[in-house]
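Dear colleague,

Please find the structure below, followed by notes on what was found in it.

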Amino acid sequence: MSCCGGGCCGGGAADTQDVSIESMPSVMPSVAPITTPGVTLQEQAMQQQAQATDAPAAPERREVKPAAATSVHREPGAAVASATPAAQAGPAHVTEPTRYDAVLLSGFGGPEGQDDVIPFLRNVTRGRGIPDERLEEVSHHYRHFGGVSPINDQNRALLDAMRKAFVAAGVDLPIYWGNRNWAPYLDEALEQAAADGVRTMLAIPTSAYSSYSSCRQYREDWADALEATGLQGSMQIDKVRQFFDHPGFVQPFVEGVEAAVAEARGAGHADDAIEVLFATHSIPTADAERSGAPDLFSWGEGGGYEGQHLAVAEHVMQQTAPEVAWQLVYQSRSGPPSQPWLEPDINDAIEALEGRTAVIIVPLGFVSDHMEVMWDLDEEALETAEEHGLWARRTPTPGTHPAYVSALVDLVQERIEGRPVDERGSVTSIGPWFDVCRPGCCENPRLGFKPAIAGLEP
Ligand SMILES: CC1=C(CCC(=O)O)c2cc3nc(cc4[nH]c(cc5[nH]c(cc1n2)c(C)c5CCC(=O)O)c(CCC(=O)O)c4C)C(CCC(=O)O)=C3C
Ligand SMILES: [Fe+2]
């Protein structure tokens, strides 16, 4: 792994921190390492290891994510744990300019080899009672691709694109990258940031919508990482708003649907023979009901999670092909059959189609072509479509689309500026989501409330 090919680092000490701890010596330097421009920390570590006579032969590989936090730290009088002063009182939107030392790009994480698969799945499902058979079942998806999820490389590419976009936009902040479920872990990113002198961070989850899995779980994992590193009292972390309706996040989907509809028409499919399926991750209906800020909106049964997806899908269709039929469908369901999850499943929806000859699958719930897209859509759903004799296309995810990268830069800029809410980018009538999560937001009713940052209690 390299930082950025040398083009964007500029030699700043805090610019070379996408550290893979797997390949680091087991004893980490406790002070900020002195970096040489163009040389990554990993390369330096390897040099140091080669020079040291008593260096361990094999670097330690870390399989377990940080332990669950037992508490959070709140400054005197603050309502929000580990927040910067501008966010401590818990405003819906922070309109006070804030100086951050760094940005924390927070990914899901994914295995990078066959040996990683099961420990990775244990991290993902920790404390959730997912049976081993299900873990084995899911592991097949990863094993099929050599035990490697593409997600880490996609986040490395995003990180690289963001660093370049920061330079171009004059945002002079280093970006640290850490994952919830695999190396480089969130606590490793925080440790490195602290060693580099960082005290305030703005966190970006690689996840656009509101739900336990896509919002609160990130907030809990940041709390875990702060406690595990002992940085609870000295590091402040805010989060950007969920960005499902930021125009730059939506733009790649608009372009994808536009192109796919044009292609379907070109292949001879009439508008009333085309169906657009907006696909997102299913979640338990009990989670869905508590997603978003359920007490502040009148969402349907699927809560804010479903309501946000519907609003974005509606916008995409209005922009592209208002006369074409569409629906929101779900994928990647897990958990026991007795537990209700959001439906319909994409494969069932395809089977139920009548009078259609073409289907366009839009991965609206995902930011990159990771395993849920590669397997559940490109392997399974496209096969279902083929079995039913349908012409089918899967449109792109945002990935490193310049509009998406610019959206992430804009989300950082609006917080640095303390931009008023009516000047923020948003394409749906829901309006720019909350900077600080509302009480009870995205509750997991089975697990209860756990220590979390970036939101009002509980
Ligand atoms: C809403 C949502 C997103 C989108 C938001 C976001 O992007 O964050 C998402 C993303 C992802 N989910 C992913 C992988 C997995 N999700 C699982 C399990 C679950 N996801 C859930 C929901 C979501 N998941 C839920 C309610 C569960 C069951 C309960 C639990 O266990 O929490 C399991 C365990 C096995 C299984 O149950 O299937 C795995 C392996 C990967 C990585 C892919 C890769 O490696 O390329 C990514 C990006
Ligand atoms: Fe998932």
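In these notes, helices (DSSP runs of H or I, at least four residues) and strands (DSSP runs of E, at least two) are numbered from the N terminus. Serine 82, for instance, lies in the loop between H1 and strand S1 (102–107).

This is a predicted model, in which local features need pLDDT of at least 70 and side-chain atom pairs count only at pLDDT 80 or more, whereas totals for chains, interfaces and linings use all residues. Residues are numbered from 1 along each chain as its sequence is written, chains are lettered from A and ligands numbered from 1 in the order in which they are written, and side-chain values use heavy atoms, with hydrogens and water left out.

**Confidence and overall make-up**

The pLDDT, which is the predictor's confidence in each residue on a scale from 0 to 100, averages 89 over the chain, and 87% of the residues score at least 70. The model scores ipTM 0.96 and pTM 0.88.

The chain holds 13 helices and 8 strands. Of its 458 residues, 57% count as buried, where buried means under 20% relative accessible area, exposed over 50%, and partly exposed in between (1.4 Å probe, protein chains only). Among contacts between residues at least 6 apart in sequence, 78% join residues at least 24 apart.

**The parallel sheet**

Four strands form an open sheet in the order S6-S5-S7-S8, with parallel pairing; two strands are said to pair if DSSP finds at least two bridges between them. Strand S6 (325–331) and strand S8 (391–394) are the edge strands, each pairing on one side only, and the twist averages 25° from one strand to the next. Strand S5 (residues 274–281) pairs with S6 over 7 bridges, and glutamate 275 stands opposite alanine 325 in S6. Helix H9 (residues 303–320) lies across S5 and S6 and runs at about 145° to S6, the axes being lines fitted to C-alpha atoms (for helices over the stretch in contact) and the angles running from 0 to 180 degrees between N-to-C directions.

**Annotated positions**

UniProt, in an unreviewed entry, lists His281 and Glu372 under "binding site". UniProt positions are given in the numbering used here, feature names are shortened, and annotations may be inferred rather than shown by experiment. Histidine 281 lies in strand S5 and glutamate 372 in helix H11 (residues 371–374). Histidine 281 counts as partly exposed because its relative accessibility is 24%, and glutamate 372 is likewise partly exposed, with a relative accessible area of 21%. Leaving aside residues up to four places away in sequence, histidine 281 touches Tyr305, Tyr330, Gln331, Ser332, Phe366 and Glu372, while the contacts of glutamate 372 include His281, Gln331 and Ser332.

The unreviewed UniProt entry also gives the annotation "binding site" to Ser149 and Tyr218. Serine 149 lies in the loop between helix H3 (132–144) and helix H4 (151–169), and is buried because its relative accessibility is 4%. Tyrosine 218 lies in helix H6 (residues 212–228) and is buried, with a relative accessible area of 4%. Beyond four places in sequence, serine 149 is in contact with Gly110, Pro111, Tyr142 and Met371, whereas the residues that tyrosine 218 touches include Ser106, Gly107, Phe108 and Arg180.

**Backbone details to check**

Most residues other than glycine have a negative phi, and most peptide bonds are trans. Serine 82 has a positive phi of about 50° and is buried, with a relative accessible area of 5%. Serine 332 has a positive phi of about 60°; serine 332 lies in the loop between S6 and H10, and is buried at 11%.

The peptide bond from alanine 183 to proline 184 is cis, with omega near -5°, and proline 184 is found in the loop between strand S2 (175–179) and helix H5 (186–195). A cis peptide bond also joins glutamate 343 and proline 344, with omega about 5°; proline 344 lies in the loop between S6 and helix H10 (346–352).

Key
Contact = heavy atoms within 4.5 Å.
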